[in-house]
Amino acid sequence: MIQFKILARMRLLCAALVVSGSVGCGANFAQAEELTVYSALAKEHFAELIAAFQKQEPDITINQLLDSNGPVIARLLAEKENPRADIILGASVPGLVMLEEKGMLMPYAPAGLDQIKDRFYDRRSDTPHWVGTDAWASALCFNKVEGANHGVEEPKSWKDLTKPEYKGMITMPNPNSSATGLLAIVGWMKILGEDEAWNYMDALHRNIAQYVHSGSKPCRMAATGEAVIGIAYPAPGVKAINDGAPLSIVIPEEGVGSEVEGVAIVAGARNPDAARKLADFATSQEGNEIHNKYYALVGRKGVSTSVPNYPEGEEAALVDMDFYWVAANRDRILAEWQKRYGAKDEPK
């Protein structure tokens, strides 16, 4: 957690100045706001959003913790009795629903809520506990050069990934670490039914080289040739293509699960006013225009910019997801997944 030590030193300095008779430091410092943000957004996405926010709110000091979705949710749960975070950015909605059901989120309707699409906010409560900022779907990143080197063709479907010619060529996020991994699994359960999805994962496991602990890493590994195929989501693959990587991005023909990530204020937040300001900004027109640089699907109506090399057909391929079912069954699914497939985990 950055800046905590700096802030402590500033307080000690101010105290010393007051003792020595200097004036002004204590008064000015008392006016400063702090805000502790836990985020599962990609580093570049988070940095751009916070930089734009601080242009509007330069007096708010940001303390930040960035990690994958699983560790962020786990840390929030561990801190339930003494929360340190004020606000959560970019956490998956099933994770936010789990926190909501444990009474860990403060209801708040950000300014302009009427401009947010229906599927992007908590509609079970009069005042939402979470509001979605962006969404993504499962996708495959395929390295065309490495595929040719190994004599394999680009997959078109989820079923294709179980073909024996792909043995040892596929990477995927561990769903215990990454919402992207969980998204893939619950998408398969929606498409195939739960029992058949486990059969599918048994077959897929034979071709998996490694389960990694980041949702974007499989596409980055495919981009560098460390893997031929990465199960991930489109955005990191699009970035790699735009940077010159020999990738193609595949939306599997059976359909794809989708995930919404959003913003929520922590119940018991020490700095609720500053948290509300960031929630307002993250769901604003400007905030959504920033989200749209990283995701084709965003929460605010009317915000849609064409992303170069983004795959066609993503929105049409989305299957309906019940985030509340996912939240209720998450722990059971993750425990079973780890028992079956954890032997191929990337070392932490």
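# Pockets, rings and a kinked helix

Colleague: What volume does the second largest pocket have?

Modeller: The second largest pocket has a volume of about 230 Å³. A pocket is an open set of points on a 1 Å grid over the protein atoms alone, with protein on both sides within 12 Å along at least five of seven lines. Volume is the space filled by probe spheres set on the points, which are joined across faces, edges and corners. This is a predicted model: local features need pLDDT of at least 70, side-chain atom pairs count only at pLDDT 80 or more, and totals for chains, interfaces and linings use all residues. Residues are numbered from 1 along each chain as its sequence is written, and side-chain values use heavy atoms, with hydrogens and water left out.

Colleague: Which residues line the second largest pocket?

Modeller: D118, R119, Y121, R123, R124, W130, L318, V319, D320, M321, F323 and Y324. Lining residues have an atom within 4 Å of a point. Seven are nonpolar, none polar and five charged. Here Ala, Val, Leu, Ile, Met, Phe, Trp, Tyr, Cys and Pro count as nonpolar, Asp, Glu, Lys and Arg as charged, and the others, Gly among them, as polar.

Colleague: And how much space lies in the largest pocket?

Modeller: About 910 Å³. It has 40 lining residues, and A42, K43, E44, S216 and Y233 are the closest to its centre. The lining divides into 19 nonpolar, 13 polar and eight charged residues. Helix 10 gives the largest share, six residues. Helices (H or I, at least four residues) and strands (E, at least two) are DSSP runs, numbered from the N terminus.

Colleague: Y233, then. Which ring does Y233 pair with?

Modeller: Y295. The ring centres are 6.2 Å apart and the planes at 15°, so the pair is stacked. Rings of Phe, Tyr and Trp (its six-membered ring) pair if their centres lie within 6.5 Å; planes under 30 degrees apart count as stacked, over 60 as edge-to-face and the rest as tilted.

Colleague: Are they buried or exposed?

Modeller: Y233 is buried at 9% relative accessibility, and Y295 is buried at 5%. Buried means under 20% relative accessible area, exposed over 50%, partly exposed in between (1.4 Å probe, protein chains only).

Colleague: How many aromatic pairs does the count come to?

Modeller: Nine aromatic pairs. One of them joins F53 and F281, with centres 5.9 Å apart and planes at 50°, so this pair is tilted. F53 is in helix 3 and F281 in helix 11. Both are buried. Ring pairs also link W198, Y211, W337 and Y341 into a cluster.

Colleague: Switching topic. Where is the kink in helix 14 centred?

Modeller: On N329, with a kink of about 55°. The bend at a residue is the angle between axes fitted to the seven residues ending there and the seven starting there. N329 is among the buried residues of helix 14, and so are W337 and Y341.

Colleague: Cavities: how many of 30 Å³ or more?

Modeller: Four in the whole structure. A cavity is a set of grid points where a 1.4 Å probe fits but cannot get out. H129 and W130 are among the lining residues.

Colleague: What does H129 touch?

Modeller: E100, L105, M106, P107, D122, V263 and A264, not counting residues up to four places away in sequence. Contact means heavy atoms within 4.5 Å. H129 is buried, with a relative accessible area of 16%.
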